[in-house]
Amino acid sequence: MSDLTVGFLGAGRMASALAKGFLNAKLLEPSQLHASDVYPGARDGFSKDTGGTAHATNDLVVANAKVIFLSVKPDQVGEVLEGIKDKFTADHLLVSICAGITLATLESKLNPGARVVRVMPNTPALVGAAACGFSLGKAATGADAETVTKLLDSCGLAMMVKEKLLDAVTGVSGSGPAYVFLTIEAMSDGGVAAGLPRDVSTKLAAQTVMGAAKMVLETGMHPGALKDMVTSPGGTTIEAVHELEKAGIRAGFINAVRAASEKAAKMGEAK
């Protein structure tokens with residue numbers, strides 16, 4: 001992607017994390033990265049983390065980059081897009097990672113025909129292990145989808161879905177890290193109750209979650225089949241699974257995903 005230039009409107013932690021993913025995958029060089037932020041500390045941090053160029057104004061990012069990541073707070077989106085509207089051309093692609101801001105809203109703030117993509121990332125992007133869902137706007141092309149997929153895949157996993165499904169993406173992967181952190185904490189608590197030191201228990205729990213996830217992704221097997229491989233007849237694991245089922249863990253996770261999805265939909269309607 002030697003001819004690609006990428007800019008970030010908002011140079012916070014997520015912008016730096018994505019930029020570092022692009023660099024680590026050798027998709028881009030530091031000279032191809034630009035960012036702007038109202039806070040000097042954020043600009044300095046971006047430059048230090050990525051080697052990219054940080055600007056004090058959004059106009060300079062739009063002038064120097066063709067793929068523009070919108071990474072400001074949701075309540076700043078209107079003002080930021082209004083400010084770049086006259087400089088945003090047919091050669092530009094806007095990629096929004098702003099929670100709850102619909103494609104229709106984004107497109108309405110730019111000139112007709114603007115190419116827009118909406119992304120729902122998650123916080124593991126900060127360690128190069130994101131799970132992202134994204135949707136194309138009316139004018140976005142297949143080539144735009146390929147570009148976004150290649151960029152986001154460098155930071156983890158990217159899946160294209162219809163926009164109406166992004167609320168479900170929020171429920172599964174957007175909010176999902178919190179469910180997993182809670183699971184790791186609970187497993188660690190159990191280990192401590194069984195006699196393990198806290199640091200040992202937490203590391204074992206976290207590594208177990210990571211390893212199990214890797215097995216799902218790399219084998220392509222159904223999670224239920226992988227579970228059955230661990231549950232020997234009359235063994236320790238089936239006893240543990242029985243306790244989890246009695247506690248309603250399966251229904252709890254399903255309800256959590258649905259609740260987060262429904263909340264995301266309501267928040268989107270309110271904007």
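**Labels and their grounds**

Author: This is a predicted model. Start with the surface: Met215, Met221, Met229 and Val230 make up a nonpolar patch there, and together they have about 370 Å² of accessible area.

Reader: Where is Met215 found?

Author: Met215 lies in helix H9, residues 198-219.

Reader: Why does Met215 count as partly exposed?

Author: Its relative accessibility is 40%. Buried means under 20%, and exposed means over 50%. Met215 has 40%, so it counts as partly exposed.

Reader: Where is Leu4 found, and which residues does Leu4 touch?

Author: Leu4 sits in the segment before strand S1 (6-9). Leaving out residues up to four places away in sequence, Leu4 touches Leu28, Gln32, Val67, Thr147 and Leu151. What makes these contacts is heavy atoms within 4.5 Å.

Reader: How far apart are Leu4 and Ala65 in sequence and in space?

Author: They are 61 residues apart in sequence. From C-alpha to C-alpha, Leu4 and Ala65 are 7.9 Å apart.

Reader: Now the whole chain. How many helices and strands does the chain have, and what share of its residues count as buried?

Author: The chain has 12 helices and eight strands. Of its 271 residues, 38% count as buried.

Methods: Residues numbered from 1 in each chain as written. Predicted model: local features only at pLDDT ≥ 70, side-chain atom pairs only at ≥ 80, totals over all residues. Heavy atoms only, no water. Patch = residues over 30% accessible without salt bridge, like charges linked within 9 Å, V, L, I, M, F, W, Y side chains within 5 Å. Areas by Shrake-Rupley, 256 points an atom, 1.4 Å probe, with all protein chains shown as cover. Salt bridge = Lys/Arg side-chain N within 4 Å of Asp/Glu carboxyl O. Helix = DSSP H or I, 4+ residues; strand = E, 2+ residues; numbered from the N terminus. Buried < 20%, exposed > 50% of the residue type's maximum accessible area, 1.4 Å probe, protein only.
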